[in-house]
Amino acid sequence: IKNYKILGELGDFYRMLGDQGKALSILEKATTECVRHQDLRGMFVNRLRTAIAYQYNDQHVLANYIFEQLLRDSSVYVELLNFVHHHYGKCLVEQGRFDVAMKHLIIARELRVQMASSETLLKSSNEAIDTLASDFRL
């Protein structure tokens, strides 16, 4: 395992622990190392992690910018596209953009069904869609 891959996971753990500043700092280093090692997939994953950390840090403009970049670049990493749509959808919910959020969450679920993703991922998609539909009557 490459050290920069561990950095990416460490940054993601800091995000989950609520330390977005530390998460963003580590994820920036991980992304830089991915570029240096020409690991484009790793760079994509760490950019996704960075977007989510910005979202959790209430920096939605930066998060949206990265999510939109990832959607443009996603044709290379189709297997990761469901994560981009899912997390972008959740980010849009936080911004009150419910109709657009629902579209992304539905796309994420459809991709997860097509890919025969784990029950955990399908459950996450279904819960997000159901919550959005019931809370905001979409």
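In α1, Gly8, Glu9, Asp12 and Arg15 meet Asn46, Arg49, Ile52, Ala53 and Tyr56 of α3; contact means heavy atoms within 4.5 Å. These residues divide into 3 nonpolar, 2 polar and 4 charged. Here Ala, Val, Leu, Ile, Met, Phe, Trp, Tyr, Cys and Pro count as nonpolar, Asp, Glu, Lys and Arg as charged, and the others, including Gly, as polar.

This is a predicted model: local features need pLDDT of at least 70, side-chain atom pairs count only at pLDDT 80 or more, and totals for chains, interfaces and linings use all residues. Residues are numbered from 1 along each chain as its sequence is written, and side-chain values use heavy atoms, with hydrogens and water left out.

The axes of α1 (residues 3–17) and α3 (residues 40–56) come within 10 Å and cross at roughly 15°. That makes α1 roughly parallel to α3 (angles under 35 degrees count as roughly parallel, over 145 as roughly antiparallel).

α3 also packs against α4, at about 155° with axes 8 Å apart. So α3 is roughly antiparallel to α4. The residues of this contact divide into 10 nonpolar, 4 polar and 2 charged.

Buried means under 20% relative accessible area (1.4 Å probe, protein chains only). Of its 25 residues, Phe44, Leu48, Phe67, Leu70 and Val84 touch the most other members. α3 gives the largest share, 7 residues. Leu48 touches Phe67, Leu70, Phe83 and Val84, not counting residues up to four places away in sequence.

How values were computed. Axes fitted to C-alpha atoms, helices over the stretch in contact; angles between N-to-C directions. Helix = DSSP H or I, 4+ residues; strand = E, 2+ residues; numbered from the N terminus. Parallel < 35°, antiparallel > 145°, perpendicular 65-115°, else oblique. Core = buried A, V, L, I, M, F, W, Y, C linked by side-chain atoms within 4.5 Å. Buried < 20%, exposed > 50% of the residue type's maximum accessible area, 1.4 Å probe, protein only.
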